[in-house]
Amino acid sequence: HYGGHHLLGIYINRFSTSRQTLMWIPDSFFSSLLSGRISTLRDETGAIFIDRDPTAFAPILNFLRTKELDLRGVNISVLRHEAEFYGITPLVRRLLLCEELDRSSCGSVLFHGYLPPPAVPVRKSSPASASSNERPGPSGAESFARVASLPGADDTIKLAPVIDPRKVLIIAGHHNWIVAAYAHFVICYRIKESTGWQQVFSSPYLDWTIERIALNAKVVGGPHGDKDKMVAAASDSRIILWSIQDGGSGNEIGIFSLGVPVDDLFFIGNQLVATSHTGKVGVWNAVTQHWQVQDVVPITSCDTAGSFLLLGCNNGSIYYIDMQKFPLRMKDNDLLVTELYHDPSNDAITALSVYLTPKTSVSGNWIEIAYGTSSGAVRVIVQHPETVGSGPQLFQTFTVHRSPVTKIMLSEKHLVSVCADNNHVRTWTVTRFRGMISTQPGSTPLASFKILSLEETESHGSYCSGNDIGPFGERDDQQVFIQKVIPITNKLFVRLSSTGKR
């Protein structure tokens with residue numbers, strides 16, 4: 001019982017000091033307290049009760065007495081928070097300086113280069129796209145544009161988010177090039193040992209919001225020889241493709257339509273490929289300069305291996321398209337979609353990973369494929385020289401996931417699968433004999449962990465491709481997951497894909 005208040009389970013520290021010590025900083029918490037501007041709670045001895053952290057109060061009181069600061073064993077951010085509460089301005093300034101000494105804008109040893117924000121390209125306004133109501137948001141935020149309601153609808157003003165044009169949405173890399181996608185334009189950078197990072201291309205300002213990007217820094221047999229680079233951007237069903245010469249000048253190759261929303265955009269060799277979950281595949285060929293769209297069954301996953309595009313579909317089948325057959329088949333307008341394998345349980349193929357072993361020849365006669373299904377099953381199928389006529393053989397099945405498998409990766413040493421239950425990861429160690437997957441002793445369980453993230457609702461179309469957890473890295477090396485626990489943060493966790501170790 002303390003001055004008429006019940007204090008349950010609270011440990012009270014008593015501090016003694018002089019009025020002069022507490023009053024020398026004007027407009028602080030203590031000067032307001034002792035002058036009566038703040039009401040006080042006192043005990044029977046007249047001591048003032050302050051409901052704050054006593055461990056942080058001791059160094060603050062010591063600073064008021066001596067004007068000296070001893071930070072041994074002190075959490076600087078906690079102490080600064082308390083000093084701000086008490087209004088001890090000289091102490092707050094010193095603590096901010098201490099925090100700055102620990103941080104460096106030049107970055108840590110992993111910091112490789114700083115690319116300053118680019119100039120926003122000039123918008124070529126057209127009568128159809130220009131709107132007096134649309135405006136960029138403040139830095140790091142979103143504003144809203146008025147969306148006119150349909151005729152006959154209620155006369156309400158609907159608000160649609162306008163993405164800050166200076167916010168980086170997606171980054172992709174290939175060889176010594178990277179491309180950064182903003183809401184309405186892309187910027188390409190190149191690194192050379194002699195000159196470091198340099199901006200080499202800026203696209204025009206697009207009226208539509210970019211949702212997917214693809215980069216090919218090693219085009220072979222392109223329209224301007226082998227020195228071309230290519231970058232593509234997609235929004236909804238539209239795809240725009242540029243070629244970039246070595247000097248940095250870029251030309252728009254064309255704008256193509258898949259007819260349905262683009263889910264994946266990537267290059268296989270010098271061919272641009274776009275796929276949609278609705279069951280459409282679009283291919284642009286650099287040699288023939290021809291775009292064509294093919295209908296297949298609804299696509300639930302895809303992967304590439306060499307010149308092959310593999311599609312996992314909702315009917316339980318894995319199909320493949322051999323891109324080396326281009327442009328021979330272009331005249332027939334047929335992408336030669338061939339069924340490679342059908343799941344024994346007829347489950348949708350929701351994740352797909354192809355591993356080309358060192359034994360794989362140009363004809364691709366030794367291929368290992370891991371796939372996950374809508375029921376949570378993980379299977380490994382293998383095609384080797386003896387089975388070329390009859391297709392891949394089922395090699396292993398794991399039924400550990402209870403939710404649909406969302407990601408899978410088969411590499412030299414590990415099999416990693418992720419399911420829809422809060423990114424639950426299961427991993428196995430893969431046994432190999434002379435580079436080929438082996439049943440003796442077979443794949444053994446290695447780890448189980450979760451890559452938890454408190455995802456925000458997808459605030460823009462590119463959110464899912466800009467916040468992918470991975471796994472990232474070369475398949476003959478240890479891969480990593482990137483974990484972003486909360487949506488808006490300056491902290492990422494890099495975790496080994498095999499064990500989950502941070």
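Strand β25 (residues 414-419) is mostly covered, with 6 of its 6 residues buried, where buried means under 20% relative accessible area with a 1.4 Å probe and protein chains only. This is a predicted model, so local features need pLDDT of at least 70 and side-chain atom pairs count only at pLDDT 80 or more, while totals for chains, interfaces and linings use all residues. Residues are numbered from 1 along each chain as its sequence is written, and side-chain values use heavy atoms, leaving out hydrogens and water.

In a regular strand, side chains alternate between the two faces of the sheet. Here both faces of β25 are covered: His414, Val416 and Val418 are buried on one side, and Leu415, Ser417 and Cys419 on the other.

Strands are DSSP runs of E with at least two residues, numbered from the N terminus, and two of them pair if DSSP finds at least two bridges between them. Here's how β25 pairs up:

| Pair | Sense | Bridges | One bridge |
|---|---|---|---|
| β24 (residues 405-410) and β25 | antiparallel | 5 bridges | Val405 with Cys419 |
| β25 and β26 (residues 424-429) | antiparallel | 6 bridges | Leu415 with Trp428 |

The β24 and β25 hairpin has 3 residues between its strands. In the hairpin of β25 and β26, 4 residues sit between the strands, and Asn422 takes a positive phi near 50°.

His414 and Val416 turn up again in the lining of the largest cavity, along with Met409, Ser411, Asp477, Gln478, Gln479 and Ser497. A cavity is a set of points on a 1 Å grid over the protein atoms alone where a 1.4 Å probe fits but cannot get out, and lining residues have an atom within 4 Å of a point. A search of the whole structure finds 1 cavity of 30 Å³ or more.

Definitions and conventions
1 Å grid on protein atoms, 1.4 Å probe; cavity = no way out; pocket = protein on both sides within 12 Å on 5 of 7 lines; lining within 4 Å. Points joined across faces, edges and corners; volume = space filled by probe spheres on them. Buried < 20%, exposed > 50% of the residue type's maximum accessible area, 1.4 Å probe, protein only.
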